[in-house]
Amino acid sequence: MAERREPANEQAIANLYASMRSELNQIYSKITELEMEVSEHSLVMNAIQPLDPSRKCYRMIGGVLVERTIKEVLPAVQRNKEGIEEVIGRLNEALERKKKDIAEFEAKYKIRIKKSDNDVQDSNKKEGNAQGVLVGPAGATET
């Protein structure tokens, strides 16, 4: 990994820290997006697996809808899903590295995150509104 130059002042440190946090958020966003794609691929695979392999099936390739058979499409969807899962794995590794870099940066420059007064008040309001709410188990029916 390339060595970064030492930041010149507090503002440069803050800017660099904000940039690192932004990169972290971008990685989180990309992982979430790709996990949604994996979920969609799984839905498609589960929907077409029980069907006759010679049945017609349509697939979008590069913005063009093409007619294929389930026998042709199912392995391609499986490969795409596996490729996306591989990318998610690499992004998770990058995420862990970035978290480690940020933690080291925070320790080196003694960075602490302060909540603004509005954030503290908002969180107190949320906590106050949530008190006394009882939620039953999922799928429970009233008798």
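User: How many aromatic pairs does the structure hold, and which rings count as a pair?

Analyst: Rings of Phe, Tyr and Trp (its six-membered ring) pair if their centres lie within 6.5 Å; planes under 30 degrees apart count as stacked, over 60 as edge-to-face and the rest as tilted. In this predicted model, there are two aromatic pairs. The ring centres of Tyr17 and Phe105 are 6.2 Å apart and their planes stand at 10°, so this pair is stacked. It links distant parts of the chain, with Tyr17 in helix H1 and Phe105 in helix H2, 88 residues apart. Phe105 also pairs with Tyr109 in a tilted arrangement, 4.8 Å from centre to centre and with 50° between the planes. Through these ring pairs, Tyr17, Phe105 and Tyr109 are linked into a cluster.

User: What numbering and which confidence limits apply here?

Analyst: Residues are numbered from 1 along each chain as its sequence is written. Local features need pLDDT of at least 70 and side-chain atom pairs count only at pLDDT 80 or more, while totals for chains, interfaces and linings use all residues; side-chain values use heavy atoms, with hydrogens and water left out.

User: How are the secondary-structure elements defined, and in what order do they run?

Analyst: Helices (H or I, at least four residues) and strands (E, at least two) are DSSP runs, numbered from the N terminus. The chain has three helices and two strands, and from the N terminus on they run α-β-β-α-α.

User: How do strands S1 and S2 pair?

Analyst: Two strands pair if DSSP finds at least two bridges between them. Here S1 (residues 56–61) and S2 (residues 64–69) are antiparallel and share six bridges. Ile61 stands opposite Val64 in S2. The two strands form a hairpin with two residues between them, and Gly62 in the turn has a positive phi of about 60°.

User: What is a nonpolar core, and which residues touch the most other members of the largest one?

Analyst: In soluble globular proteins, nonpolar side chains tend to be buried together. A nonpolar core is a set of buried Ala, Val, Leu, Ile, Met, Phe, Trp, Tyr and Cys residues joined through side-chain atoms within 4.5 Å. The largest core has 15 residues, of which Ile31 and Ile88 touch the most other members. H1 and helix H2 (70–109) each supply at least two residues of this core, and H1 gives the most, with eight residues. Apart from this core lies another, of seven residues, among them Met45, Ile48, Ile70 and Val77.

User: What does His41 touch, and where is it found?

Analyst: Contact means heavy atoms within 4.5 Å. His41 is found in helix H1 (residues 10–48) and counts as buried at 18% relative accessibility. Not counting residues up to four places away in sequence, His41 touches Val77, Asn80, Lys81 and Ile84. On the same terms, Ile31 touches Ile88, Leu91, Asn92 and Leu95.

Methods
Buried < 20%, exposed > 50% of the residue type's maximum accessible area, 1.4 Å probe, protein only.
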